[in-house]
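Trainee: I would like to go through some of the labels used for this model and ask what stands behind each of them.

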Amino acid sequence: MKRRFKLVIAFLVVSMMAALVVGCSSSSKETLTVYNWGDYIDESVLKEFEKEFGVRVIYDTFSTNEDMYVKLKAGGTSYDVAIPSDYMIERMIKEDMLEKVDMTKIDNYKYIDDKFKNLDFDPNNEYSVPYMWGTVGVLYNEEIVKEPVDSWDILWNEKYKGQILMMDSQRDSIGITLKKLGFPLNSRDTKELELAKEELIKQKPLVMAYVVDEGKDMMIGGEAALAVAWSGDAVFMMEQNEDLRYVVPKEGSNLWFDNMVIPKGTKNKELAEKFINFMTRPEISLKNVEYIGYSTPNTGTVELLDEEVANDEVAYPSDEVIENCEIFLDPSDFLKEYDRIWTEIKAY
């Protein structure tokens, strides 16, 4: 009995030591924290990065640029890589919230198409590396919506009361309304913004819901007739429901860019740059494009796309469509007005 007891004790000691070794091995791995939009990466890519570099990735998601900004600004949570949009990158640069990216470490930057470089929000390509891009438009179910869809006006058509999904994002919802009224996407004119507010309040009785990611399932399932959508989400939804169509309205819209950045104060800048370089490899970028359906700025990835995808005008619109769109600029000097108007719209 004593011998068996000793053997059991010995076994338990060995097991505990083994567990400690495994635990220490896991915790001693270098860790990269990534903050990204929901449904915006092929998670097998993260596993591939972990395996290749012998590190651990902690991955968190956000729903809007504003949510991401507030969390980073508040501090207390440290991220090594984030993927905000154009105007938010401009704001974060102004507020000294980003590290400069050492582009000599981003070998695959050579694959980024020149038309996605030197843009207004990062004119010297110092703080960000392009990830995805696209447009904002109207997604509609042609089995329900029988008339031609070519204008933002369709979202104010009383025929579709209770069947319209608007985007729960002040920049997008206010922006498309400004375009509907013939005003600039980045208006800083209080009268123009008040008119946009009146239009959105007038529309509220027609709106089924203000949504972000949850709107995808609703459109796929035929629960709504019309929705404001990002082009990449539209590609995905159209693959799931053959009755869905997407159009960028004739009044113009938003041309947007989501770029990878390194938040200020990271303790893993070198690893963050390895991750950005890894994500910019054509074959890795391809996995993300195929998974999420968005448009790639990577020329090497475009060469790997199926011809049907590369010629899809939803994902890769014509120059005419692009020229009729505007890029969001940082509204921080006028943000109180945007916040006030959005609060009044939502509270109405």
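Trainee: Where is aspartate 39 found?

Mentor: In this predicted model, aspartate 39 is in the loop between E1 and H2.

Trainee: What makes the phi of aspartate 39 worth a remark?

Mentor: Its phi is near 55°, a positive value in a residue other than glycine. Most residues other than glycine have a negative phi. Asparagine 125 also has a phi near 55°, and its place is in the loop between strand E4 (98-99) and strand E5 (129-141).

Trainee: Why is asparagine 125 called buried?

Mentor: Buried means under 20% relative accessible area. Asparagine 125 has 15%, so it is buried.

Trainee: How many aromatic pairs does the structure hold?

Mentor: It holds 17 aromatic pairs.

Trainee: Why is the pair of tyrosine 40 and tyrosine 294 called edge-to-face?

Mentor: The ring centres are 5.2 Å apart, and a pair needs centres within 6.5 Å. The planes stand at 80°, and over 60 counts as edge-to-face, so the label applies.

Trainee: What does that pair tie together?

Mentor: Tyrosine 40 lies in the loop between strand E1 (31-37) and helix H2 (43-53), and tyrosine 294 in the loop between helix H10 (282-292) and helix H11 (299-302), so the pair ties together parts 254 residues apart in sequence. Both tyrosines are buried.

Trainee: Which residue lies over the face of tyrosine 69?

Mentor: Arginine 91 does, at 3.9 Å from the ring centre; the distance limit is within 6 Å. Lysine 180 lies over the face of tryptophan 156, at 4.8 Å from the ring centre.

Definitions and conventions: Residues are numbered from 1 along each chain as its sequence is written. This is a predicted model: local features need pLDDT of at least 70, side-chain atom pairs count only at pLDDT 80 or more; totals for chains, interfaces and linings use all residues. Side-chain values use heavy atoms; hydrogens and water are left out. Rings of Phe, Tyr and Trp (its six-membered ring) pair if their centres lie within 6.5 Å; planes under 30 degrees apart count as stacked, over 60 as edge-to-face and the rest as tilted. Helices (H or I, at least four residues) and strands (E, at least two) are DSSP runs, numbered from the N terminus. Buried means under 20% relative accessible area, exposed over 50%, partly exposed in between (1.4 Å probe, protein chains only). A charge sits over a ring if NZ of Lys or CZ of Arg is within 6 Å of the ring centre and within 35 degrees of the ring normal.
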